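Let's take a friendly walk through this structure together. Have the sequence and the 3D view at hand as you read.

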Amino acid sequence: MNRRTKIAAAAAAVLITAGAAGSAVASGDGRGGNREAAALTGSAKLYRVASDDITFSFDAHLAAKDNMNPQAATGTFRFSHYKNGKGGYAVVTVDCLVTGGKVATVTGKVTETDLDVFRDRRVGVSVHDLGKHDRLGYSWVTQDPEQGDVPPCHTPAPFEKTKAGTGDFKVLPWQLEYPTE
């Protein structure tokens, strides 16, 4: 092999190695490991002028191995609404999670509640992670319980404001991997 061929081969090896390393970082967690495909975590209270105490909390995840199947998401979310000592709560087992940028949509089946209207129902919530001014939307504001459950990963846009100082939602954007030809 002449000198020019050796230099070209070395340069190609460097480019291939750099390209592979760049791919690992782009799809990894930045520390050399694999990051999960998507996530929604955190909690907040909704803004209300009245004395309503409305809280949402999330711990929803889509594993890297399930990147192309948002219905393989796991975790839970919880919501509660109390006013003057009356109200209730629900715990939901996640069955779908889709994120894009700073927005997440999560659905699941209610597995624990003290509100009959939610018992064994699929509900959905959307979140917009805006730092200290997060927003949130929920399916039961538009979904008539008589019409059945919401479909997986469907819910209204995040139309509610969170109470100042309480929004700490974190959305990990989904990074789809498209097949190459």
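Two strands count as paired if DSSP finds at least two bridges between them. Keep that in mind as you look at this model, which is a predicted one.

Nine strands build an open sheet, arranged in the order 8-7-6-5-4-3-2-1-9 with antiparallel pairing. The edges belong to strand 8 (160-161) and strand 9; each has a single partner strand, so one side of each lacks a neighbour in the sheet. In general, strands of a sheet pair through backbone hydrogen bonds, either parallel or antiparallel.

Strand 9 pairs with strand 1 (residues 38-45) in the antiparallel sense, over three bridges. If you look along this pair, you will find Thr41 opposite Lys170 in strand 9.

From here, follow the chain onward. Leu176 sits in the segment after strand 9 (170-172). Setting aside residues up to four places away in sequence, Leu176 touches Asn67 and Met68. Its C-alpha atom is 9.9 Å from that of Gly100, although Leu176 and Gly100 are 76 residues apart along the chain.

What do Met68, Leu176 and Tyr178 form on the surface? Together they make a nonpolar patch, with about 340 Å² of accessible area. Met68 comes from the loop between strand 2 (53-62) and strand 3 (74-83). Because its relative accessible area is 52%, Met68 is exposed, the cut-off being over 50%. Leu176, at 32% relative accessibility, counts as partly exposed.

Technical notes:
Residues numbered from 1 in each chain as written. Predicted model: local features only at pLDDT ≥ 70, side-chain atom pairs only at ≥ 80, totals over all residues. Heavy atoms only, no water. Patch = residues over 30% accessible without salt bridge, like charges linked within 9 Å, V, L, I, M, F, W, Y side chains within 5 Å. Areas by Shrake-Rupley, 256 points an atom, 1.4 Å probe, with all protein chains shown as cover. Salt bridge = Lys/Arg side-chain N within 4 Å of Asp/Glu carboxyl O. Helix = DSSP H or I, 4+ residues; strand = E, 2+ residues; numbered from the N terminus. Buried < 20%, exposed > 50% of the residue type's maximum accessible area, 1.4 Å probe, protein only. Contact = heavy atoms within 4.5 Å.
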